[in-house]
Amino acid sequence: MSDELHYPNLANCRVSLRGASGVEQVPVRLPTSCVTAAETVKLPTLYDFALERKVLAAHEERTAAFAGGSSPDEIKKSVLTKMKSVTKAEDGVCVAILEDNQYDLKTSIETFFASS
């Protein structure tokens with residue numbers, strides 16, 4: 001099998017560049033107004049995403065600390081405490097929602113507020 005692409009409908013097509021006046025010649029130089037505008041307009045510096053990297057690093061540290069060395073019961077207790085602090089709901093309500101959502105904190109909090 002050949003690596004070349006085969007487009008039978010495009011076999012007889014021709015691409016031609018045309019200026020605004022319909023002439024097939026491509027302009028050799030940009031208009032001076034475009035060149036002047038490009039020289040006078042200061043482009044913003046590229047965004048370095050430093051804040052996003054810092055937030056992700058902090059999240060990874062918290063996740064590693066949360067998962068490292070904790071027993072399943074300690075993790076469940078920690079998740080329950082976090083859910084209670086966000087929702088201000090009672091233990092029983094939080095535990096029921098967390099169990100329904102396999103202790104997924106984000107989904108549980110969304111479920112709580114969706115049902116309120």
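Me: Which residues is Ser108 in contact with, leaving aside neighbours within four places in sequence?
Reply: Met83, Ile97, Leu98 and Asn101. Contact means heavy atoms within 4.5 Å. This is a predicted model: local features need pLDDT of at least 70, side-chain atom pairs count only at pLDDT 80 or more, and totals for chains, interfaces and linings use all residues. Residues are numbered from 1 along each chain as its sequence is written, and side-chain values use heavy atoms, with hydrogens and water left out.

Me: Where is Ser108 found?
Reply: In helix 5, residues 105-115. Helices are DSSP runs of H or I, at least four residues; strands are runs of E, at least two; numbering starts from the N terminus.

Me: Is Ser108 buried or exposed?
Reply: Buried, because its relative accessible area is 0%. The cut-offs are under 20% for buried, over 50% for exposed, and partly exposed in between, with a 1.4 Å probe and protein chains only.

Me: At what angle do helix 3 and helix 5 pack?
Reply: About 35°, with the axes 10 Å apart. Helix 3 covers residues 72-87. Axes are lines fitted to C-alpha atoms, for helices over the stretch in contact, and angles run from 0 to 180 degrees between N-to-C directions.

Me: Which residues meet there?
Reply: Helix 3 brings Val79, Lys82, Met83, Val86 and Thr87. Helix 5 brings Leu105, Ser108, Ile109, Phe112 and Phe113. They divide into 7 nonpolar, 2 polar and 1 charged. Nonpolar here is Ala, Val, Leu, Ile, Met, Phe, Trp, Tyr, Cys and Pro; charged is Asp, Glu, Lys and Arg; the others, Gly among them, are polar.

Me: New topic. How many aromatic pairs in the whole structure?
Reply: The search finds 2. Rings of Phe, Tyr and Trp (its six-membered ring) pair if their centres lie within 6.5 Å; planes under 30 degrees apart are stacked, over 60 edge-to-face, the rest tilted. Tyr47 and Phe49 have centres 4.8 Å apart and planes at 80°, so that pair is edge-to-face. Phe112 and Phe113 have centres 5.1 Å apart and planes at 80°, so this pair is edge-to-face.
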